[in-house]
Amino acid sequence: MDIVMTLHELSTAVGLSPARLARLVRLGLIESSGPEPYAFTAATAVRLRRMLRLRRDLHVNFHGAAIIMDLVERLDGLERELARRGPEPPSTPNLEVTEIWIRTD
Amino acid sequence: MAVKFRDYYEVIGVPRTATAEEIKRAYRKLARKHHPDLKPAAERAAAAERFKEINEANEVLSDPDKRLKYDALGQNWKSGMDFTPPPGSGQAAPGSADWEDVGDVSDFFASLFGRGAGRRGRGGVRVTLPGSDVEAELTVTLDELLRGGKRRLQLPGGHTIEAEIPPGVRDSSVLRLAGQGEAGVNGGPPGDLFLHVRLAPHPRYRVAGDDLELDLELAPWQAVLGDEVMVETLDGPVTLKVPPGTPSGRRLRLRGRGLPRANGERGDLHAIVRVVVPERPTDAERQAYEALKRATPAAGNRPVSD
C-alpha cells in the first residue's frame, strides 16, 4: 500500500520544479502511475531525494543516479528476503551412508 | 562545553602537506565508499555518520581560508583531545547568511568557524527555504499491523509524534507525514517526514505479500491418516483439518487469517506441512512401523531379495 502524492506535492517535497519532474518522468528516471495527471508514491519522493544527493555529492548525472538506485533497491530486496527467510533451520548432521553396489551386468 | 579536537587530515587520509588536488581525489574516493545513499538500509545509519565526518573534513580542507585557520592551530593536536578555540573564533565570517545552517556540524567545527559556516551557509542573501525532510524507520510487529491504530514514536530530533499505522502497509512501504519534518528557514514551509516501514520478524510466521506462512510439523501417521491439529493464528488458535494422504510440503490454506489489506480484506495463512520422523521411536511405535513395513508392497527403491 502506498501513499499517493500529486506533482505539486512531490515538487515541494524534493525541491524540483513541476516541469523538471515531468521531464524526469518522460525520461523514465522516476515513475508515475500514468502520463497525466501524475500520481507518485512516497517511495518515489524518497528515491528522488536520494538521487539528488548522489548527484550533488558524487557528481553523477540523473541516469547514473537512477542506475545506482535500482542496484541499491535490489540489494535492499535481497537483504529483506534474507531476513524474511529467518535464521537457517538447524542443520541435521550429515549421516554416514553405507552404499551397497549392485552389479547390473 | 568540552569540545574534542578533530584531525581532519586523518579523516580524509592525507598528509598535512597534501595539495588541493590530492585532497579532492581522496575525498571523492571516500565519498564513493561511504555515501549513505549507496548502502542497503541496514548500513545506512552508520554510513551517514561517517559521511558527515568526511564532509566536514572536506569542507575545511578544501576551502583555502578554513584550511589556513585550521593549520594555524598547530600540529600537536590529536583526535579526541579537549580543545579550546583561540579567541575570536566561532563567529560566522562577514557576508555569510544570517540564518543557522540546517545541516549539523560538529561542536569542534562550530567552535572554529561558527555554525553558519557550513556548505549552505554562504551567499549572504536572506533566503526562505523549506525545512529538510526527515527519514526514519518504523518497525511494526505483525500484531500491531493487524490491530492497526496509532503508534507513538520518537524522532531523531527529539520530539514525539503519533503515527497511524494503515492496515495495508508492508515491509518497505513508505509513509509520508506532510509537514512533520524539520521546520522551515525564515518562514519556509516545514519538511515532510518519511517513515520507512519494517516488519519485525515473527518467530512463527513468514510474510509473503498479504499471506503468512507457517511450518506445520506432522507425524507420518497424521500425514497418512489425516488428523485435526491446533494451529496458532494471529487471531488465536484454530483447529485445522489435515486431509488423509497429505504429503510433506503441501500447503494447507486458512482463508482470511493473513495480513490485513487496505480494502479491509485479509490475506490467507498457509500452513506448510513438514512430516517429521520420530528419531527415537518407542517400542510400541517401532512395532507399529514394523507392521507397516510388512503390510506395504515393496517400494520401487527396495531390494527385491527381501
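**Briefing: chains A and B**

A:His59 sits in the loop between α3 (42-58) and α4 (62-85) of chain A. Its phi is near 60 degrees, a positive value in a residue other than glycine. The model is predicted. Chain B touches chain A through 35 of its residues, which meet 26 residues of chain A. Chain B also holds an open sheet of three strands.

**The contact between the chains**

- The size of an interface is often given as the accessible area lost when the parts come together.
- Here, about 2,600 Å² is buried between chain B and chain A.
- Carbon and sulfur atoms give 54% of that area.
- Three residues stand out on the chain B side: B:Asp37, B:Val174 and B:Arg176 supply 23% of the area that chain B buries against chain A.

**Charged and polar pairs**

- Four salt bridges are counted between chain B and chain A.
- In a salt bridge, the side chain of A:Asp76 meets that of B:Arg44, at 3.1 Å from N to O.
- Five residue pairs are in polar contact across the interface of chain B and chain A, with both residues at pLDDT 80 or more.

**What chain B brings to the interface**

- Five elements of chain B each supply at least two residues of the side that touches chain A: α2 (20-34), α3 (41-61), β6, β7 and β8 (206-208).
- The largest share comes from α3(B), with five residues.
- By type, the residues on this side of chain B are 15 nonpolar, five polar and 15 charged.

**The sheet in chain B**

- The strand order in the open sheet is β3-β7-β6 (chain B), and the pairing is mixed.
- At the edges are β3 (134-140) and β6 (174-177) of chain B, and each pairs on one side only.
- From one strand to the next, the twist averages 30 degrees.
- β3(B) and β7 (residues 193-199) of chain B run parallel, joined by seven bridges.
- Within this pairing, B:Thr139 has B:Arg198 in β7(B) as its bridge partner.

Terms used: Residues numbered from 1 in each chain as written. Chains lettered and ligands numbered in written order. Predicted model: local features only at pLDDT ≥ 70, side-chain atom pairs only at ≥ 80, totals over all residues. Heavy atoms only, no water. Pairing = 2+ DSSP bridges. Helix = DSSP H or I, 4+ residues; strand = E, 2+ residues; numbered from the N terminus. Axes fitted to C-alpha atoms, helices over the stretch in contact; angles between N-to-C directions. Contact = heavy atoms within 4.5 Å. Buried area = accessible area lost by both parts, 1.4 Å probe. Polar contact = N/O pair within 3.5 Å; in protein donor to acceptor, adjacent residues only side chain to side chain. Nonpolar A, V, L, I, M, F, W, Y, C, P; charged D, E, K, R; others polar.
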